[in-house]
Amino acid sequence: MSTISKEPQLLEHGYEIQNLVVVDENYSTGAEEVNSGHDEVVNKLKNKFKGFKTDKFLAEPELFNKLAKQQEPKVMLISCIDSRCNPTMLLGLEPGEAFVVRNVAALVHPYHEQVRHLEHENGIGAATQFAVSVMNVEHIVVVGHSSCGGIKALMSRDDFTTDLVGGWVKIALPAKKKAHLHSHQAHHNGELAHHEQMSVAEKEAVNVSLKNLLTYPFIEERVKDGRLQIHGMHYDLTEGKLTCWDIVPRK
Ligand SMILES: [Zn+2]
């Protein structure tokens, strides 16, 4: 049994902790949770974890004993937060096989901006440094996707100073420029041009992140000497297609 206190605990002014439980294979929704109108969605998450414990964790003791002691992932994924683009599910990766960083539109700041504003580090710099320099991952994959809300925000706005999303997606402004150039050259009709322009912007935003990754000295060095490979992917969630490409040093 857990040793967690039953007394309400104060968190911050006006807030307290409730429904504190430990979920394992013996878990069942408590009367306290039901009485407090505990959300069905949260109960579903807890029951899903119970299923994971029973069907995977307890069914594969060798794997999970090994993972409890160490991890040796070969891959780092950087993907969008979009609920339809879950990269480990799409790419069939199991626990222990990949580091995953997710943010709006799978974007990466250039190294010099991260270093200049260390106090505002957004987590990607630290994650890549740990994955590459400490854990020696051999591949970094940036995964973009169709119907991306972040890229829609990038393409539809002119002012990026009014909120947090704007301040973030402006990292991909070079992709917006390329998409405009592409549609300018293509001379398609309006509807097709818009669809193609979005697709170009989504893929070019992945390239912006890949290009920015190469500004990190510990990444550039390993890409040049062959210890690390970087790749782009774009998931078309209407067609169910994955476009994949590699970035390699010019010989
Ligand atoms: Zn997205």
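Author: What follows starts with the chain as a whole, goes through the sheet strand by strand, and ends with a pair of helices.

The model is predicted. The protein chain holds eleven helices and seven strands. Its C-alpha trace spans about 65 × 40 × 40 Å along the principal axes. Of the 251 residues in the chain, 24% are buried. Among contacts with a separation of 6 or more, 62% are between residues 24 or more positions apart.

Five strands form an open sheet in the order 4-3-5-6-7, and the pairing is mixed. Strand 4 (98-103) and strand 7 (241-247) are at the edges; each has a single partner strand, so one side of each lacks a neighbour in the sheet. From one strand to the next, the twist averages 20°. As background, the strands of a sheet pair through backbone hydrogen bonds, and the pairing is either parallel or antiparallel.

On one side, strand 3 (residues 75-80) runs parallel to strand 4, and six bridges join the two. Met 76 has Phe 99 of strand 4 as its bridge partner, and Ser 79 stands opposite Arg 102 in strand 4.

Is strand 3 mostly covered or mostly exposed? Strand 3 is mostly covered, with six of its six residues buried. In a regular strand, side chains alternate between the two faces of the sheet.

The axes of helix 6 (residues 124-134) and helix 11 (residues 217-225) come within 10 Å and cross at roughly 40°. That angle is why helix 6 counts as oblique to helix 11; the roughly parallel class is for angles under 35 degrees. The crossing of helix 6 and helix 11 is left-handed. Helix 6 contributes Thr 128, Gln 129, Val 132 and Ser 133 to the contact, and helix 11 contributes Phe 218, Ile 219 and Arg 222. By type, the residues of this contact are three nonpolar, three polar and one charged.

Technical notes. Residues numbered from 1 in each chain as written. Predicted model: local features only at pLDDT ≥ 70, side-chain atom pairs only at ≥ 80, totals over all residues. Axes fitted to C-alpha atoms, helices over the stretch in contact; angles between N-to-C directions. Helix = DSSP H or I, 4+ residues; strand = E, 2+ residues; numbered from the N terminus. Parallel < 35°, antiparallel > 145°, perpendicular 65-115°, else oblique. Left-handed = near helix turned anticlockwise from the far one by under 90°. Contact = placed C-beta atoms within 7 Å. Nonpolar A, V, L, I, M, F, W, Y, C, P; charged D, E, K, R; others polar. Pairing = 2+ DSSP bridges. Buried ≥ 20, exposed ≤ 12 C-beta atoms within 10 Å, placed from the backbone.
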